[in-house]
Amino acid sequence: MAELRTAFVESARRQLDLLKRSRCDGNWTIAAMRLKGLAASFHAGELSRVSEEALLCAPGEPTVIRKIENAIGEIESN
């Protein structure tokens with residue numbers, strides 16, 4: 001289980017990095033959709049919710065990025 005959680009967190013952090021570097025709507029949307037799909041596959045409800053929120057925001061929105069960072073941090077600490 002620990003290895004699976006580690007792989008999940010690493011994947012989520014990669015998508016978060018892509019979100020942070022996105023400068024156009026297309027790249028932002030793709031990274032947010034991938035993160036949402038990843039969250040759904042691991043039943044990570046809060047991460048899925050904030051990923052959905054990211055889909056409604058402009059690229060680089062700092063508040064949603066912080067929310068995603070917090071959601072990933074919560075998963076990592078549990």
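Tutor: A residue counts as buried when its relative accessible area is under 20%, as exposed when over 50%, and as partly exposed in between. The model is predicted, and the part to look at is Val 64, which lies in helix H4. Val 64 has a relative accessible area of 0%, and therefore counts as buried.

What does Val 64 touch, leaving out residues up to four places away in sequence? The contacts are Trp 28, Val 50, Glu 53, Ala 54 and Cys 57. Helix H2 covers residues 25–41, and helix H3 covers residues 45–55. Ser 51 is 13 residues from Val 64 along the chain, and the C-alpha atoms of the two are separated by 8.2 Å.

Two of the residues touched by Val 64, Val 50 and Ala 54, are themselves buried in H3. Leu 47, Ser 48 and Ser 51 are also buried in that helix. The cover over the buried residues of H3 includes H1, H2 and H4.

Cys 57, another contact of Val 64, is partly exposed, because its relative accessible area is 23%. Searching the whole structure gives 0 disulfides, and Cys 24 is accordingly in none. Cys 24 is partly exposed, with a relative accessible area of 35%.

Gln 15 is placed in helix H1. Its relative accessible area is 12%, so Gln 15 is buried. Apart from residues up to four places away in sequence, Gln 15 touches Ala 31, Arg 34 and Leu 35.

Helix H1, residues 2–21, also holds Leu 4. Leu 4 has 47% relative accessibility and so counts as partly exposed. Together with Met 1 and Phe 42, Leu 4 forms a nonpolar patch on the surface, and the three have about 360 Å² of accessible area together.

Now the chain as a whole. There are 4 helices and 0 strands, and from the N terminus the order of elements is α-α-α-α. The radius of gyration is 11 Å, close to the 12 Å that the globule rule gives for 78 residues, so the chain is as compact as a globular protein of that length. Along the principal axes, the C-alpha atoms fill a box of roughly 35 × 15 × 15 Å.

Val 64 and Gln 15 are both buried, and 33% of the 78 residues fall in that class. The chain exposes about 4800 Å², of which carbon and sulfur atoms supply 54%. Taking contacts between residues at least 6 apart in sequence, 58% join residues at least 24 apart.

Definitions and conventions:
Residues numbered from 1 in each chain as written. Predicted model: local features only at pLDDT ≥ 70, side-chain atom pairs only at ≥ 80, totals over all residues. Heavy atoms only, no water. Patch = residues over 30% accessible without salt bridge, like charges linked within 9 Å, V, L, I, M, F, W, Y side chains within 5 Å. Areas by Shrake-Rupley, 256 points an atom, 1.4 Å probe, with all protein chains shown as cover. Salt bridge = Lys/Arg side-chain N within 4 Å of Asp/Glu carboxyl O. Buried < 20%, exposed > 50% of the residue type's maximum accessible area, 1.4 Å probe, protein only. Disulfide = S-S within 2.5 Å. Rg over C-alpha atoms; globule rule 2.2 N^0.38 Å. Contact = heavy atoms within 4.5 Å.
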